[in-house]
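Work through the exercises below with the sequence and the coordinates open. Try each task before reading its solution.

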Amino acid sequence: MTSWWTPQASIWWVVLIKCAVLLFVVITTFAYAMLFERKIMGWMQIRPGPNRVGPWGLLQPAVDALKLILKEDLKPKTADPLIYWLAPFISLVTAFAVYAVIPFAQPGPGNVWAVGDVNAGILVILALTSIGVYGISLGGWASGSKYPLLGSVRSTAQLISYELAMAMSLIGVLILAGTTSLVGIVNGQVKLWYFIPQFVGFVIYVITAVAETNRAPFDLVEADAELVGGFNTEYSGLRFGLFFIAEYINMLTVACIATLLFLGGWNAIGGLTMIPGIVWFLVKVAFFMFVYIWLRATFPRIRYDRLMAFGWKVLLPVATLNLVVTALVVAVRG
Amino acid sequence: MVNGRKKLYNVGALLRGMAVTFRFMFRRKPTIQYPSVKKKHAPRFHGLHELRRYGDGKERCIGCELCSSVCPANAITVIGAENSPEDRRSPGERYAARYEIDELRCIFCGMCEEACPTDAIVLTPRFEMSDYRRGSLIYAKDRLLVPPDAGVGMAPDDRPGGIPADLGRVAEVKSNVDTDVGYDATWRGTVLKTQTKGLAE
């Protein structure tokens, strides 16, 4: 009660304001990522996409949100109430929490462009995204219904399989950068973006990232064709919306990681440094989001046994080999 | 198994697939923004029925029930009555006291048109008649009979306006299906021709 404005307290105030701004930005980005996904998918299927609400369909996310909020909040009789209510929040909170350690541009004095510059940023991100899986598996399990259960079992198996290859592909970059700080990794890419020396790792990361976010063609967790809606079958209204938001935020997260670790983060293309770093960062993230949408519009869902075979028999060995070769090269060259 | 694995890891095929979707993104969309933009109908499109009148305002229908007999879907009910000298509805001896068409049964084949000896029943190009209640899709004389002042004695396509007023604005169709070139029989025929052409390329 002494003072809200001591230098000590002001640090917390700054963090709080940054968090609020970031939350707003991320939610808005999610809303428009969804709109653009529907638009781009539409174009690829020679349709115009949503264009009824507002000019060019720009108010579509708002009415979608309104619709979800106004819908009835259902719970199956057989569901485990506490975990059933809790699961969407686990997904959402972990999805948001990741942004606390992501730097969006060179932090500089006062750490303007990141909430927290953690020296083990990439590890924090990996840990948080792994916790996010609990939202999906618990949500499916607590629904007390067979399709969600199958969906969540699949999710668990799939995420364990692909998380390994993903971590392996990231370690290659960490060896090259010699640091686990995201700012440090980006600053190590001023001359050469890591996707060139780590091309194999980059490809593996992109593939595993699609699987980690449960996106097509690896969206077996939701597999509408055989599992109705997968883990979120029994969820309705806002709770379904929370899962939905979490999925898209996770997409944004993996796009951010790919940008930071492989595409040079906020480093400019071709020395165009007069354009601020944040713009470069956003352009790269947008490119990744487009690739995800593009993949979804192009490929059919992969069969489950092939998904597993691909993860364990191709991605993991190749990622390990890539890691070993990178380690050897770095060791030999000093 | 070997073959299957080869196919699964065929990266070139995956990239070609992505090239296809990317190209399609810039294609012209054939979508017609329906309620605001309407597709041009064929000149003899078979839509909602209409009972016509003579130039003097008398009803053409003489209650002969030929349409009802020829109707393959049994959609038409006609109950005729005698004209009385003081209230002549039609030039003949009889007129249709009741004339009802169940538009849900109708298959829009146009046989009633063919059978009618006085050209009383015709099919107009109106096609928007959806409703929430089945009952309201049984059209009786109050909705079938043209008002005495609307294009009397003319087929719908010959009227000055061309199309009945409630068909709505027919805007220019902006699509890669050209509705004017090679536009002879039905719009389905036109689309088919364009599609075959596209496939042959």
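## Exercise 1: a helix and its cover

The buried residues of α1(A) are A:Val26, A:Phe30, A:Ala33, A:Met34, A:Leu35, A:Lys39 and A:Met44. The model is a predicted one.

**Task.** State what covers the buried residues of α1(A). Then compare the reach of helix α1 of chain A with the expected value.

**Solution.** 
1. Start with the cover. From chain A it includes α2 (60-70), α3 (81-97), α9 (237-261) and α10 (277-298). The cover also includes α2 of chain B.
2. Now take the length. Helix α1 covers residues 7-44 of chain A, 38 residues in total.
3. From first C-alpha to last, α1 of chain A reaches 54 Å. At 1.5 Å a residue, 56 Å is expected, and the value is close to that.
4. Look past the end of the helix. Just after α1(A), A:Ile46 has a positive phi of about 50 degrees.

## Exercise 2: a helix pair

**Task.** Check the span of helix α4 of chain A. Then decide how α4(A) runs relative to α5(A): roughly parallel or roughly antiparallel?

**Solution.** 
1. Helix α4 of chain A (residues 121-142) has 22 residues, so at 1.5 Å a residue it should span 32 Å. Its end C-alpha atoms lie 32 Å apart, which agrees.
2. Just after α4(A) comes a positive phi of about 65 degrees, at A:Gly144.
3. Bring in the partner. Helix α5 of chain A (residues 146-177) packs against α4(A) at an angle of about 170 degrees, and the axes are 8 Å apart.
4. Angles over 145 degrees count as roughly antiparallel. Therefore α4(A) is roughly antiparallel to α5(A).
5. List the contact. On the α4(A) side it includes A:Ile122, A:Leu126, A:Val133 and A:Trp141. On the α5(A) side it includes A:Leu149, A:Ser152, A:Leu159 and A:Leu170.
6. Sort by class. The contact of α4(A) with α5(A) has 11 nonpolar, eight polar and one charged residues.

## Exercise 3: two chains

**Task.** Describe the make-up of each chain, then the contact between chain A and chain B.

**Solution.** 
1. Chain A has 11 helices and zero strands. Chain B has six helices and five strands.
2. In sequence order, chain B reads α-α-β-α-β-β-α-β-β-α-α.
3. Check the burial. In chain A, 43% of the 334 residues count as buried. In chain B, buried residues are 17% of 201.
4. For 334 residues, a compact globule would have a radius of gyration near 20 Å; chain A has 21 Å, so the two agree. Along the principal axes, its C-alpha atoms fill a box of roughly 60 × 60 × 45 Å.
5. Turn to the contact. It joins 11 residues of chain B to 11 residues of chain A.
6. On the side of chain B that touches chain A, helix α2 (residues 11-25) of chain B gives the most, with six residues.
7. That side of chain B divides into six nonpolar, three polar and two charged residues.

## Exercise 4: one residue

**Task.** Is A:Phe199 buried or exposed?

**Solution.** 
1. A:Phe199 sits in helix α7 (residues 199-212) of chain A.
2. Count its neighbours. A:Phe199 has 12 other C-beta atoms within 10 Å.
3. Apply the cut-off. A residue with 12 or fewer counts as exposed. So A:Phe199 is exposed.
4. A:Phe199 and A:Met251 are 52 residues apart in sequence, and their C-alpha atoms are 21 Å apart in space.

Notes: Residues are numbered from 1 along each chain as its sequence is written. Chains are lettered from A and ligands numbered from 1 in the order in which they are written. This is a predicted model: local features need pLDDT of at least 70, side-chain atom pairs count only at pLDDT 80 or more; totals for chains, interfaces and linings use all residues. Helices (H or I, at least four residues) and strands (E, at least two) are DSSP runs, numbered from the N terminus. The expected span of a helix is 1.5 Å times one less than its number of residues. Axes are lines fitted to C-alpha atoms, for helices over the stretch in contact, and angles run from 0 to 180 degrees between N-to-C directions. Angles under 35 degrees count as roughly parallel, over 145 as roughly antiparallel, 65 to 115 as roughly perpendicular and the rest as oblique. Two residues are in contact if their C-beta atoms, placed from the backbone, lie within 7 Å. Ala, Val, Leu, Ile, Met, Phe, Trp, Tyr, Cys and Pro count as nonpolar, Asp, Glu, Lys and Arg as charged, and the others, Gly among them, as polar. The radius of gyration is taken over C-alpha atoms; the globule rule is 2.2 Å times the number of residues to the power 0.38. A residue is buried if 20 or more other C-beta atoms lie within 10 Å of its own, exposed if 12 or fewer, and partly exposed in between; C-beta atoms are placed from the backbone.
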